Amino acid sequence: MNKNFLKFSDQEIIRRNKLDVIRKIGINPYPSEEYNVNATSKDVIKYYEYGKNVIISGRIIRMRKMGKASFIEIKDNHGLIQIYLKRDSISEFKTKYDFFLKKLLDIGDIIGIKGFLFKTKSNKITVHAVDIKLLSKCLRVLPNVKKDETGKVHDSFEESEQRYRMRYLDLIVNDKTKKLFIKRTKIVQYIRNYLNNKGYLEVETPVLQSIPGGAIARPFITHQNALNIQLYLRISNELFLKKLIVGGLESVYEFSRNFRNEGIDKNHNPEFTILELYVSYKDYFWMMNFIEKLLEYLCIKLYNKKLLKINNKLISFKTPFKKITILDSIKENTGFDLSGLNEKNIRNICKKLQLKIEKNMGKAKLIEQIFSEKCEKKYINPTFIMDFPIEMSPLTKKHRRKKGLTERFELIINGNEIANSYSELNDPIDQLKRFREQIKLFEKGDNEAMLIDWEFIRSLEFGMPPCAGIGIGIDRLIMLLTNNKCIQEVLFFPQMRQI
């Protein structure tokens, strides 16, 4: 436990003392029985009718305590509503008004109100309380966000690290945070509905895996006590989904929570969400068309337009998207043609480009380093980067016409990879050969290289139909569609250093 967790401020000590008093006067500060709410703040405004009886609940945000009457403002999931409390009107607290309401309630407390609607002299819709019930006593002090006469904001809860560590408090005081995560949920729902309407089947695959397969990444390692075996948190669900394609499920998808033991920055979190989709009898050209239509659909659904302003850049989602091969992109942006070059030649080019490289990097990692450092950030409008060298794509079919290349694309938008797609390799002999090449890289010191998944090879030997697959980074997509520069902003609880 953090050693400072039980150190209370003067205000927090006062609140705990109030809690003791509340219990002593016979009020349960954390009642267990259901509180039957029949209206929200939104309903109160939308369906206002003078004298209408309502039961609402929410968190106290503001209080104006006066003599025989007080005003408080509570916040529920839909907004704010003003409450008028008059000593002679409150049934349960006629004799306790001055004591309970004025001395024991605090900003942050969650209460229930029964009352009727009216409008104040300033024409503000208000609930005239006839009964008040404490539902949860708040023992910590909420940030008191306020503006001075010049419009300057004071005591705001805006510091990023604080907000990520205490997301619950961020959601309480910052409405924009709540709206962002509601939009995140809607985006996922829109995608799911889009896929379901096409007849694709949503499935679930294991998080604990005996082989960290389906991607090139360093895994988290754990231990299973019952079987006394080492397991890995999945870095991808790809191989399991392709086994389902082998089994005759012709189109499957999963919103997959994946784990990669990698660095943390504005585009990476060790725990993240990917949508993986596999459709039989399709190829990567078909998948390009699919992702174009999906993104166009999301833009229309969210904003009713295809031109979005993102980080002060106008990005067009009008189809078709630009296409360029990865080697042409590198040549265009660096002047170096990597076609047909071996690892030694590419390593020399990296040095000329003054790129930081490691000794254990193979050809694939070197090409990836050149593209990510010199090319990727230049693609703002949606762009398909196509036809990756075979060394970079161990699970991808060889290109039908171009020797040494594969049928793979990455979709880059606003300088970030949003999706990765293949014409999936279904030749078990070729796949085993590719896995063995990965083992050589692993032995060379590449901790992110793939291991051989013998069970996956066996499944391919039963025959997998031609298939196109795609992985879409949901967190990055949400960053893009909500105009956020940092992945931690779109994760409820991002990974943070312990303090």
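Trainee: How many aromatic pairs does a search of the whole structure find?
Mentor: The search finds 11. Rings of Phe, Tyr and Trp (its six-membered ring) pair if their centres lie within 6.5 Å; planes under 30 degrees apart count as stacked, over 60 as edge-to-face and the rest as tilted. This is a predicted model: local features need pLDDT of at least 70, side-chain atom pairs count only at pLDDT 80 or more, and totals for chains, interfaces and linings use all residues. Residues are numbered from 1 along each chain as its sequence is written, and side-chain values use heavy atoms, with hydrogens and water left out.

Trainee: Why is the pair of Phe 321 and Phe 384 tilted?
Mentor: Their ring centres are 5.7 Å apart and the planes are at 35 degrees, so the pair counts as tilted.

Trainee: Are those two buried or exposed?
Mentor: Both Phe 321 and Phe 384 are buried, meaning under 20% relative accessible area, with exposed over 50% and partly exposed in between (1.4 Å probe, protein chains only).

Trainee: Which residues form an aromatic cluster?
Mentor: Tyr 194, Trp 286, Phe 290 and Tyr 297 form one.

Trainee: New topic. What is Ile 291 in contact with?
Mentor: Leaving aside neighbours within four places in sequence, Ile 291 contacts Phe 384, Phe 409, Leu 411, Ile 470 and Ile 472. Contact means heavy atoms within 4.5 Å.

Trainee: And charges: which ring does the charged end of Arg 16 sit over?
Mentor: That of Phe 8, 3.7 Å from the ring centre. The rule is NZ of Lys or CZ of Arg within 6 Å of the ring centre and within 35 degrees of the ring normal. Likewise, the charged end of Arg 408 sits over the ring of Phe 388, 4.1 Å from its centre.
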